[in-house]
Amino acid sequence: MFGLGVFDGVHRGHRRIISEVVRLAAERGAVPAALTFDPHPRAVLCPDDPPQLLLPLCRRIEKLHCAGAIHVGVIEFSPAFAALAPEDFLDSLLRSPQFELAGVCAGRSWRFGRFGSGNSEVLRRFAEAAGLGFSTPAELEMPDHTVVSSTAIRHAAAAGKLAEAAAMLGEAPRLFGRVVRGYRIAGRCLSTPTANLQVAFGVTPPDGVYAAAAPVGGCLRPAVINIGFAPTFNYDQPERRVEVHVLDYDGDLYGAEIEVRLLRFLRGEICFPSAEMLKLQIIQDIAAARQEFGQAVCPEEHGVS
């Protein structure tokens with residue numbers, strides 16, 4: 001029994017689909033599974049305007065398993081695959097020697113096949129003709145009638161609406177990336193060493209200072225993130241950076257792949273008259289981040305594997 005979709009973010013709407021897959025699989029004595037696509041279809045069809053993915057593929061697979069999918073399959077999305085008629089794609093599932101298809105489930109707005117011509121009605125007809133289980137759960141709406149979707153989450157995060165993004169995701173929005181060399185000023189001048197995060201996944205919110213959490217050194221730790229151009233230091237060629245100061249940790253993160261969970265916007269990025277005044281503000285930022293971390297993170301979440 002397959003749930004079909006890209007499932008970027010594995011948000012609350014996606015988890016509703018997987019829950020329906022689990023229900024149908026139990027009815028039919030089948031195994032609940034999910035089928036996702038990589039790279040993202042829009043990255044192939046519109047290479048000049050690819051989406052900023054919310055999760056790396058490995059985390060997407062992990063979260064689909066956590067949502068209830070026993071098996072997760074990944075189809076390579078290519079121009080040739082995009083050219084398949086919807087019926088040909090579905091027939092390939094039905095005739096696959098790797099599994100016996102028991103049913104299909106997808107969101108009502110999901111489109112697939114050549115020119116996006118496949119929809120829930122095509123899925124329904126296919127399932128009925130093949131004697132398969134079928135369901136298209138209603139889309140999940142927030143109290144303000146916003147339909148939960150990966151696109152809506154990206155827009156909310158990009159606008160700095162972290163609470164809205166978190167409500168749709170069911171967890172704090174995250175940034176994933178590698179720690180690379182930064183200005184190397186914060187540790188020397190400000191006594192707050194930072195990790196310069198080269199973001200690969202997740203949507204970076206507007207410039208400013210944020211309370212965050214980061215699973216580092218075997219546990220989830222509070223953190224402060226500064227996003228912007230560090231105007232206090234008046235660099236000749238300033239670059240927009242995501243600088244992460246992990247509290248209560250003095251290890252070297254250079255070269256590491258890390259994630260950070262964005263908890264709350266604390267303040268805008270400010271050009272201070274001196275480094276000393278910035279240091280005083282950082283003390284306040286750290287205190288605020290600790291308080292936010294204590295309110296947002298349950299004690300059982302502190303330990304991570």
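These legends describe close-up views of a predicted model.

**View A. Helix α10 and its buried face.**
Helix α10 covers residues 275-296, 22 residues in total. From first to last C-alpha it reaches 30 Å, close to the 32 Å expected at 1.5 Å a residue. The buried residues of α10 are L278, Q281, I282, D285, I286, A289, E292 and F293. Down the axis of α10 these buried residues fall within an arc of 160 degrees, so they line one face of the helix. An α-helix has 3.6 residues a turn, so residues three or four places apart point the same way.

**View B. The exposed face of α10.**
Turned away from the buried side of α10 is a face with the exposed residues E276, L280, I283, Q284, Q291, G294 and Q295.

**View C. The largest cavity.**
The whole structure holds 2 cavities of 30 Å³ or more, and the largest has a volume of about 100 Å³. Its lining consists of 13 residues, with L54, L169, A172, P173 and R174 nearest the centre of the cavity. At least two lining residues come from each of α7 (150-158) and β6 (174-180). The lining of this largest cavity divides into 9 nonpolar, 2 polar and 2 charged residues.

The disulfide count for the model is 0, with a cut-off of 2.5 Å between cysteine sulfur atoms. For C66, the closest cysteine sulfur is that of C58, at 12 Å, which is too far for a bond. C66 counts as exposed because its relative accessibility is 67%. C219, at 23% relative accessibility, counts as partly exposed.

Conventions: Residues numbered from 1 in each chain as written. Predicted model: local features only at pLDDT ≥ 70, side-chain atom pairs only at ≥ 80, totals over all residues. Heavy atoms only, no water. Helix = DSSP H or I, 4+ residues; strand = E, 2+ residues; numbered from the N terminus. Expected span 1.5 Å × (residues − 1). Buried < 20%, exposed > 50% of the residue type's maximum accessible area, 1.4 Å probe, protein only. Arc of directions from axis to C-beta. 1 Å grid on protein atoms, 1.4 Å probe; cavity = no way out; pocket = protein on both sides within 12 Å on 5 of 7 lines; lining within 4 Å. Points joined across faces, edges and corners; volume = space filled by probe spheres on them. Nonpolar A, V, L, I, M, F, W, Y, C, P; charged D, E, K, R; others polar.
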